[in-house]
Amino acid sequence: MASEKPTVVVTCTAPVNIAVVKYWGKRDEELILPINSSLSVTLHQDQLKTTTTAAISRDFMEDRIWLNGREEDVGQPRLQACLREIRRLARKRRSDGLEDPLPLSLSYKVHVASENNFPTAAGLASSAAGYACLAYALARVYGVDSDLSEVARRGSGSACRSLYGGFVEWQMGERPDGKDSIAHQVAPESHWPELRVLILVVSAEKKPMGSTSGMQTSVETSALLKFRAEALVPARMAEMTRCIRERDFQAFGQLTMKDSNQFHATCLDTFPPISYLSDTSRRIIQLAHRFNAHHGRTKVAYTFDAGPNAVIFTLDDTVAEFVAAVRHSFPPESNGDKFLKGLPVEPVLLSDELKATLAMDPIPGGIRYIIATQVGPGPQVLDDPGAHLLGPDGLPKPAA
C-alpha cells in the first residue's frame, strides 16, 4: 500500500451567486430540500469570493474551523452534516475501488480556515460562497470527485449553485432522500459577456432575521408562498432559462425584478410579516423604474435577497450612466474616492432630462459603496502554497 502523506493541504476559492428566480422555503429542514427550483448568476471572484484552506493530518487531535480569523464551533449541525457527507463519499469511493485496506487519511481530523473578501451575513450570500468553498476544499483533501451539490446544500441551500460558474439552475427534485435536488449549469460564464452586475451596499450590518428562521415562518404561514412555488415558479424557470440562452435583456430584467418583488411580497405575507427591504432599498427600486422609464425600455434590473442591499443587472454600455444616477440620488458622504469598488467605471455627466425624470431628493450616504462586477467562473484550486490560510502547524497564519 502506498505510504500516505502525514498532511494534505488544499486551498480553494468559491464565488457568490445571486438568484434571479428565488429560493425561499424548504420541504425538508434537515436535508435542506427546497419547495421550488431556483436559478442564479455566479458573480466574479475578482470582486467577491470565499477562500478556504482545508488540511488533514495524522497529528491533528480534533476537527477545528476558523472563519475570518476567529475560531468557530465545529459542532454546528450544518458544518457537521457537510463533514459527515464528505467522509461518507470518501469511504464509499474507496470501498467501490480496489484500494484496500481503507487509507488512514479517512480517519484524520481536519482543520479549516475560511475568509471572505466581503461582509459576512449582510445579505451578500456569504453562506453560499462559504459552504460551496468548504465542500470543494474538503472534497479535494479527502479525494472525493462526485457531484458536490448534496454536500454544499447540507450547509446552505443556495451553496449548491455556487459550485458552478455562469448561470446555474438548482432543481428542487422530487425524491424524499434529496438525491435529485442538485445544481447544474444552464450557460457558462462566457455566454453573455456584456452582462454587468452592480451591488449597491446599503448596510453591511448583520440582518435582523436570518434566512433560515425567516423561511420556516414563511412556509408555515404564507399562502402566497405556496401558490408561488406550485403555480408560478415552474413557468418562470423555463422563461428565465430562455432569456439567458437568447441573451434577451429586456425580458431577463423584467422577470428578475418581478421575481424579486414577489419574493418580498411573500415575506410580507408571512405572519408576523418579515421585511428585509429598507427605505433606501425602496428608493433604489424607484430609481431603477424611473431610469428605465426615461429610456423607454428596461436598461437596468434590480433584485434583493434577504437583506437591504440591491443587486443591479445591466449591460456594459449602461453601467457608467446608471452609476452616475446612483451618485446623483445617493451622494457619497465622505468616501467619494472609495465609493466605487471592483471593475473600473468611467465617470459621466447625467443629462438634465434624466435628472428631471429621477426627480428624487438626494439622500447623502444612503448607499455606502458600489461593487462593480460581472459573471464569473465556479470554484478554483489555488496552486500557490503561499495562498494557504493555515501554516505548517495547522493553525491560521497571523494576519499580514
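1. Of the 400 residues in the protein, 55% are buried (under 20% relative accessible area, with exposed meaning over 50% and partly exposed in between; 1.4 Å probe, protein chains only). Please keep in mind that this is a predicted model, where local features need pLDDT of at least 70, side-chain atom pairs count only at pLDDT 80 or more, and totals for chains, interfaces and linings use all residues. Residues are numbered from 1 along each chain as its sequence is written, and side-chain values use heavy atoms, with hydrogens and water left out.

2. Along the principal axes, the C-alpha atoms fill a box of roughly 75 × 50 × 40 Å.

3. The protein has 9 helices and 17 strands (DSSP runs numbered from the N terminus: H or I of at least four residues for helices, E of at least two for strands). Among contacts (heavy atoms within 4.5 Å) between residues at least 6 apart in sequence, 77% join residues at least 24 apart.

4. Ser149 counts as buried because its relative accessibility is 0%. Its side chain reaches the backbone nitrogen of Ala183 at 3.0 Å. Beyond its neighbours within four places in sequence, Ser149 is in contact with Cys160, Leu163, Ser181, Ile182 and Ala183.

Technical notes. Polar contact = N/O pair within 3.5 Å; in protein donor to acceptor, adjacent residues only side chain to side chain.
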